[in-house]
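Biologist: Please take a close look at one part of this model, the strand pairing, and then place it in its surroundings.

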Amino acid sequence: MYIEALILLSLIGAGVVFLAPNRYAGKLAFWLSLPPLLVSLYMYAIFDGSGNALLDGDIAFETFGEWLTLGQYAINYHVGVDGISLPLIVLTTVLVTLSILSAWTPIDDRQSQFYGLVLFLEASLIGVFAALDFILWFVFWEAVLIPMYFLIGIWGGPRRKYAAIKFFVYTNLASLVMFIGYLGLVFGLGDAVTSTGLPEVAQALRAGQLGALGPVGPEALAFVAFLAMFVGFAVKVPVVPVHTWLPDAHVEAPTPASVLLAGVLLKMGTYALLRFNFTMLPEQAIALAVPIATIAVISIIYGALLALAQSDLKRIVAYSSVSSMGYVILGLVAYTVYGVGGATFQMVAHGLISGLLFMTVGVIYNETHTRMVGDMSGLADKMPVTSGVFVAGAFAYMGLPLMAGFAAELFIFLGAFESTVLPGAVVFTAVAMFGIVVVAGYLLWAMQRSLFGPFRLETDYELSPAPLHDVVPLVTLVLLIVLLGTAPDVFFEMIRDATHPVLDFGGDL
Amino acid sequence: MELNNWLLLVPTGAFVLAALALFVIDSIDPDSTNGTLLSAVTTAGAVAAAMVSGGLLLSGAADPGVELFDGQLVVDGMSLIFTFIFGSVTALVALGSHDYIRELPHKAEYYLLVLLAATGMSLMASANSLAVVFVSLELASLPSYALVAYLKTNRGSVEAALKYFLIGALSSSILVYGISLVYASTGSLLLTDIAAEAGTAASDYPGVLGIGILMVAGGVAFKTASVPFHFWAPEAYEGAPAPVSAFLSSASKAAGFVVAFRVFVVAFPIGSVVASIDWVLLFQVLAVLTMTLGNFAAATQENVKRMLAYSSIGHAGYVLIGLAALTGVGGGTESIVLGAGMLHLLVYGFMNTGAFLFVALVERWEIGRTFEDYYGLAREAPIACVAMTVFMFSLAGLPVGGGFLSKYYLFAGAVGAGVWWLALIGAFNSVISLFYYSRVVKAMWIEEPSEPIEIERYPTALYAAIVIAAVVTVVLLPGLAVFDTAAFDAAAALL
């Protein structure tokens, strides 16, 4: 009921805004994004689910309907949320509303199409997090690509066409690989399952009912399927070495699209990794723990080093996303309560923080028309609020206590450190922690160069404080980040409740 | 014949009656310039055919198949599904043609030819003997040649029609010769009787029967625009008026497939004829060649209409999986692949017709046909471009329309039938196709035009046809549930 309302409200909003005249599209989109936001907050308030939606937990707001039948496999309309997906849905609705506000200034062409696509994106994202049947989930998963392709391709920077195509091709190929991997599992389960539903397949897999598929034995099939899905999702996350689409997409995307791309779209990858790879095939995940953790740590360090080498503010934030998502993978592969829970918490925290930083860079760009660190200094005097927010966002990124980033990274490090399934967990954790130092390095450098010191601007523009509709989203995000940092249980309690069953596969935790 | 049985012929009758009505209108007022009436009559007849066949299909009135006229015709689930496709496509084409041929002469003849071709196609769907197959195929083909040449002062149109006609005549003669060889070896033209004799014929006259079947396959390949008789398609679709291209590439192709499905599955059971020819292997080879050739050729085109023509060849390759995966693994899986072939043609009927009608709209605006001419169209015509985007992504198999599900059914069915390599090649082709379909999307939405596009009027009927096609394409994503059981049952009844 509620989930359908969320999706329908966003879709109707998208249609109305698409047909509205350009002049009113921005305001209309803002108002039309409020009903989904309120519904999702209400859902949070009355959430009564427990356990993991895939592992026989109590699914909240569940709807089930028969859709299609293909031989022995039913494809159903099945949606519902648990403590993992609800925080991400709330994150989506919050960020969509805020990014619409942040788009009022920079988007000055074809507004109705822009905001229509943003709301369509919202509907698809909610669907991704709520769907509990694979085919239904895949429909939403692919539907996300389409608005993002247009958002980058139409309103992006000078190399937008290249970036949009690269984004589209990369993620589509990845989807195909993942799709084949999952269907291999379904066919391998044979008569053990009667539908493509995620809960049914997950439970059958964990019960060890996977059979052979043609000449491929169950062990090999699980291994290959794990790899196929891992590769498919890793592109989305992204991790090194399949991250190269991300900086292109981010740098060319208009700021509000970057906010959603970093804030929510990247979480689709880690969310899917958790739901598919780490929930369905824990044995394979543990067998591959060392290579996966290595990839995670390389992403953390290499991403941070790449960010260090940039002089474009947006590129700095974009590469640092690669680094932050590495922490999520490290938390997942640790298979501890704090590791997996912290990884999920980091998805939300990073969504807010990276959204904040991208928005701040966008506001600075609106005024200065440059993103190069070297082109500006001393902005703090001219744009006090924006600069203050930038400092807050940077510190949140570095993991300043009492901010969301601190809580998330603390959980992940605690969890990774204690891991019993990851050989050499201590070494991996220690190296990953080093990433924080690099983050502090490049953020402090960028901040100090651009915000402080004597005022200087290479581009000839009069600076004025940012307008109210730019400041409101920034301040809201800072408040949310502090809220999650001081009271992580706002989300962490339900996250822990939902992630705990993932770890429960017979052996010791 | 009982009353109920006449009811089963209502869909075909609706096409015939609408055609006769046009005759009457044209005799009363031969110089009529009132296209609205003609278009409305055609659309109404086609909609009636589609509605009745859809109703009969979903009510199960014709299960498990009713033979008429001593078994010459059969009305069953499959014939009703295809008549539904022909009715829908004809209705969309007739609606869209209203604006396209507004200033052209011979309107009544145009609609009449469309209806007569549709009649022929609906008979092809029901044909239960090789004689009826041939007659109805000619009834569908002859009006098509004339329709392609409808723009008779246009060199391209006439050249295309000539090429289409010559290859059509050649393939008809191949088909009729093949039929004669099948008759010679089995002693019957009725599909069921052929099936009964096929085993004996395959051991007594393996060469005669084998060559006969091969030639029948050739005739079918022409109608479906599959390798090796595909090369007329790009010219014919490009030269023909765009609504006619829509009609040929959607309805005519489906008509070819319904004949192929019925003749090969019913008359030539693979278990009996495998001693003389293994047509499953033949269609496996043809499917791979057709989809790969179609997709690679489409990827290199600069002209949108021609790209769509090659993509239509590619889709014929996907549907051929429906025959190529009948590897004898058993009823359940086989009825899924064969039913999936029907479902794909159903979805294709809407998305491909819509795409060609969009081309018709752009031709009507005299903007041009190349990708470059499409630059920046979305600024001027956002709604039509949204529809075209839906068609393109659905054709590519992205889950914005029914095209995703029907392709998924085909590939999953192929995996189930043990020909996973066929599914893999299909999936690979699908990825390639995204490249050229997204070029259209990119041209419309992302590129900037070199000089501003000016659009003076927005033709209502053509717009309506495009929007309806787009809405149905999207609705068929969740709504394929309405048809899938019917299609699988229809396939199971055939096998």
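Modeller: A:Gly65 stands opposite A:Tyr77 in S2(A). This is a predicted model, in which local features need pLDDT of at least 70 and side-chain atom pairs count only at pLDDT 80 or more, while totals for chains, interfaces and linings use all residues. Residues are numbered from 1 along each chain as its sequence is written, and chains are lettered from A and ligands numbered from 1 in the order in which they are written.

Strand S1 (residues 60–70) of chain A runs antiparallel to S2(A), and 8 bridges join them; strands are DSSP runs of E, at least two residues, numbered from the N terminus, and two of them pair if DSSP finds at least two bridges between them. The hairpin they form has 2 residues between the strands, and A:Gly71 there takes a positive phi near 60 degrees. In strand S2 (residues 73–81) of chain A, 7 of the 9 residues are buried, so the strand is largely enclosed by the rest of the structure. Buried means that 20 or more other C-beta atoms, placed from the backbone, lie within 10 Å of the residue's own.

Terms used. Buried ≥ 20, exposed ≤ 12 C-beta atoms within 10 Å, placed from the backbone. Helix = DSSP H or I, 4+ residues; strand = E, 2+ residues; numbered from the N terminus.
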